[in-house]
Amino acid sequence: MDSDLSDAVLKMITAQRCGTQLTGDFPHPACHAGRALIWGTDGYLKDCTGGWHDAGDYGRYVVPGAKAVMDLLLSGRADALDEARWELDWMLKMQNSDGGVYHKLTCRDFPGFVMPDQETEELIASPVSTAATADFAGVMAFAASIFHEKRYLVPAMMAYVFLIANPSIIPFFNPEGMVTGEYSDSCDKDERFFASCALYCATSNPYFMKKARSLYDMDFASQGDWDCMGIYGLLCLIHSRKRPDLKWNAKADILSRADELVCIAELNPFKAALSTYRWGSNMEVTDNGCLLMEAFRISGKEKYREYAKKQLDYILGNNAQKMSFITGFGEKSPLHPHHRPSEAMGKPMPGMMVGGPDQHLQDPYALENFKGLEPCMCYADELASYSTNEVSVYWNASLFRLITMLENNG
Ligand code: G3I
Ligand code: 9MR
Ligand code: ZN
């Protein structure tokens, strides 16, 4: 395994750091240093610096950030644990005094293709959502069980108290006049389950396990993405040394999903564990690779590792485009990612995984150019095609976890 690859993939996430001066090939002074208007009030969040820019844009979003943090923490690699703290420490600033967590911190609109310090429009803290609050509780509790620090555990419990006080979903939709990423989640049961499992692992308090049992859904292992966090609840249980009854179900759920993924991969011409291609399909591939590696760890069955490797092979070139989807790696790789620092500097930042084919034609370029194409062909290495050629921290984190799992067990 090429450790230059995992280093570059992690380095991209470090280069997405907000609120600090960056040196190197994509340098910029500290960005987004000011206060943020708390939407719907005339109050401000005075210190909201830190965290990662989400993607090709400079928004900071709690929900997908939580997924990225979990993948870095689960990778177990020391430098990735440090990187995860950069986001965790920012997330702490997104919590209200009643435990609720603001959904995101962005401007009203996306900036042009400029470096981050050039985005100087007003920053806004968007309203609290239960998805963001439950994700926050989950990552903070899992971090507390790794780092043994109360400064993560207490905020996790405060967020949980907020969730108990608000048993119905508080959804998030962009407020009037705001067009940045919405990350709208119509179901928060999986996030609440994740929070319950993580808090159980951090505290051993059976209250949380009782809650987790009541929220459990047998489909959690079959779902993924930033809006389906149930799988991370199962993984917390498996990775901790706790042995509640549910743990054995968790392992069985993962093994049964792994068997399903092997079949799905067999039916795909490139042995990718994909049946459809959605926005960020490449992350579905790397997430499924990670699940297959979890199944290999549980069972020792070589077949799962073999199929996990095929997922990375797809990302590295065994795909319809016959190209590597990671900038700077492979003979042919994306040159025009939808990534503002790359565009502003006139060169692609290395180590970034692009979203990949999206059959739903979700940007003007795709609508114009992909009509009638096979789903796997709906990709273009074009700046304008943000639904297929953007990058994000959570896609890179998922890829990073897959590479490190293969390195450690391969
Ligand atoms: O859940 C439905 C599914 O039932 C349906 O079959 C399928 C087909 O349309 O859609 C699924 O929902 C999709 C959702 O992601 C969950 O996968 C939406 O169509 C799709 O539009 C949505 O895409 C998200 C996109 O933002 C638009 O909201 C991507 O996951 C997400 O990665 C992307 O994130 C953007 C941020 O908004 C802004 N920053 C950049 C970032 C990366 O492109
Ligand atoms: O650059 C934006 C990208 O990060 C988002 O994922 C995408 C979808 O929300 O939107 C991009 O911004 C475009 C905007 O939606 C429409 N005007 C052009 C912007 C840059 O292509
Ligand atoms: Zn910034």
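Helix 2 and helix 4 cross in a left-handed way (the near helix is turned anticlockwise from the far one by less than a right angle). Keep in mind that this is a predicted model, where local features need pLDDT of at least 70 and side-chain atom pairs count only at pLDDT 80 or more. Residues are numbered from 1 along each chain as its sequence is written; helices are DSSP runs of H or I with at least four residues, numbered from the N terminus.

**Helix 2 with helix 4**
- The axes (lines fitted to C-alpha atoms over the stretch in contact) of helix 2, residues 62–75, and helix 4, residues 130–147, come within 9 Å and cross at roughly 20°.
- That makes the pair roughly parallel (angles under 35 degrees).

**Helix 2 with helix 15**
- Helix 15, residues 393–409, packs on helix 2 at about 15°, with the axes 8 Å apart.
- This crossing is left-handed too.
- Among the residues that touch are Lys67 and Asp71 of helix 2, plus Tyr394 and Arg401 of helix 15.

**Helix 5**
- Helix 5, residues 150–165, should span 22 Å at 1.5 Å a residue, and its end C-alpha atoms are 22 Å apart, so the two agree (the expected span is 1.5 Å times one less than the number of residues).
- Its buried residues (under 20% relative accessible area, 1.4 Å probe, protein chains only) include Tyr152 and Phe162.
- Those buried residues pack against helix 3, helix 4, helix 6 and helix 7.

Technical notes: Chains lettered and ligands numbered in written order. Heavy atoms only, no water. Axes fitted to C-alpha atoms, helices over the stretch in contact; angles between N-to-C directions. Helix = DSSP H or I, 4+ residues; strand = E, 2+ residues; numbered from the N terminus. Parallel < 35°, antiparallel > 145°, perpendicular 65-115°, else oblique. Buried < 20%, exposed > 50% of the residue type's maximum accessible area, 1.4 Å probe, protein only. Contact = heavy atoms within 4.5 Å.
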